[in-house]
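Dear colleague,

I am passing on the structure below, followed by notes on what was found in it. Please read the notes with the coordinates open beside them.

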Amino acid sequence: MAAFKTLDDVGDVKGKVALVRVDLNLPMKDGRATDLTRVEASAPTILELADKGAKVLLLAHFGRPKGQRHSTMSTSLVQGDVERVLDREIMFIPELSGPVVEQAIGILRDGDIGLLENTRFWPGEEANDPEFTKAIAANGDLYVNDAFSAAHRAHASTEGLAHLLPACAGRAMEKELTALNAALGNPETPVAAVVGGAKVSSKLAVLENLVGKVQHLIIGGGMANTFLAARGVDVGKSLCEHDLTETAIAILDKADEAGCTVHLPYDVVVAKEFAPNPPCVRTCNVHEVAADEMILDIGPLAVEALGDVLKTCRTLVWNGPLGAFETPPFDAATVALARTAAALTAEGSLVSVAGGGDTVAALNHAGVAGDFSYISTAGGAFLEWMEGKVLPGVAALEA
């Protein structure tokens, strides 16, 4: 990963207008945010700039208005939530550029914070329109991107502004990029990757990229069934993409060529119906799955063996659960391996980085999210990073 500038590189910001891209696309219920994680992540950046005397203008999208104004998607709806996290009053500014923003900047004192309207109310945002971007930049002195979750989008507020103003990464972005570089950019080896989830088709690019970068690839969830079937295992009525047999074989062959060991379960937990605590749950060898049974989790022997693999590794990247963790008792493998990874991290022998919505939920369920080296909540951006793609919002910050 190329070097990128941070807040440490911007010098004196007193009296300057800092345009700060943050993620305020919060889940809402009854007019209030139900999860403030994204605001909390950017709070250090916002407060650092404000405390150093900058006039901070927050740029963010909220929902998918598709270039049109919608009162139900105004960023004013999250103003109160942001104020609560920051413990500061914020001025809402119902535009992105022009005289209204200019007037607001004149009212703001050094150290004050303003919240601009939803960037996606204007078609020029997602089109990354040069004139639209110039209009926003006209009122700013520097640009700070603190929204890694939107870094895979080449939009005006995520990529365009970085080319028009002195630009740097905020503290949350800096932390994310440092963690990701330690995981796959310049990791301590051996590296293990856990990739789970329902379908191989949704993570083909991830798998193809990882087999050339890691020494151990642990495949779980419904994805494992597709690879087992490709190896001639009868997986009964398990979730399985039989049409991807040749693709799975090609990935296994690529892994062999790269010296990457692919770990598939050899014992599994099966049931005849997918429901919480169904009757007739049993653990068996993968070659003993009956025609009317489905694989819903990895078995204890395989989990123990995977734990031993992690003990030989220095770095772990995790995306996706090993089984149907939302439905007991099919959470056992994910919980057990996550706790092993957390223990190894705590003792200092493993750098562990995880990301993706299901992954965060699974690690929270296991009670170990706080024990991993880093947890990314970025979703699509994290997945594209695992695919080895260039993220426009990150590339624009490179020094």
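The buried residues of helix H1 are covered by several elements, among them strand E1 (17–21), strand E4 (55–59), helix H2 (79–86), strand E6 (113–116), strand E7 (142–145) and helix H6 (171–185), where contact means heavy atoms within 4.5 Å. Helices (H or I, at least four residues) and strands (E, at least two) are DSSP runs, numbered from the N terminus. This is a predicted model, in which local features need pLDDT of at least 70 and side-chain atom pairs count only at pLDDT 80 or more, while totals for chains, interfaces and linings use all residues. Residues are numbered from 1 along each chain as its sequence is written, and side-chain values use heavy atoms, with hydrogens and water left out.

The residues of H1 that are buried are Val39, Ser42, Ala43, Thr45, Ile46, Glu48, Leu49 and Ala50; buried means under 20% relative accessible area, exposed over 50%, and partly exposed in between (1.4 Å probe, protein chains only). A kink of about 40° lies at alanine 43 in H1, shortly before proline 44, the bend being the angle between axes fitted to the seven residues ending at a residue and the seven starting there. After H1 comes glycine 53, which has a positive phi near 95°.

Turning to strand E16 (residues 351–355), 4 of its 5 residues are buried, so E16 is largely enclosed by the rest of the structure. E16 pairs in the parallel sense with strand E15 (residues 315–319) over 4 bridges (pairing requires that DSSP finds at least two bridges between two strands), and alanine 354 in E16 is the bridge partner of tryptophan 318. Strand E17 (residues 374–376) also runs parallel to E16, joined by 3 bridges, and there isoleucine 375 is the bridge partner of alanine 354.

The whole structure holds 3 aromatic pairs, taking rings of Phe, Tyr and Trp (its six-membered ring) whose centres lie within 6.5 Å, with planes under 30 degrees apart counted as stacked, over 60 as edge-to-face and the rest as tilted. Phenylalanine 121 and tryptophan 122 have ring centres 6.4 Å apart and planes at 40°, so this pair is tilted; phenylalanine 121 is buried at 5% relative accessible area, and tryptophan 122 is buried at 19%. Phenylalanine 382 and tryptophan 385 form another tilted pair, with 5.4 Å from centre to centre and 45° between the planes, and both residues are buried.

Best regards
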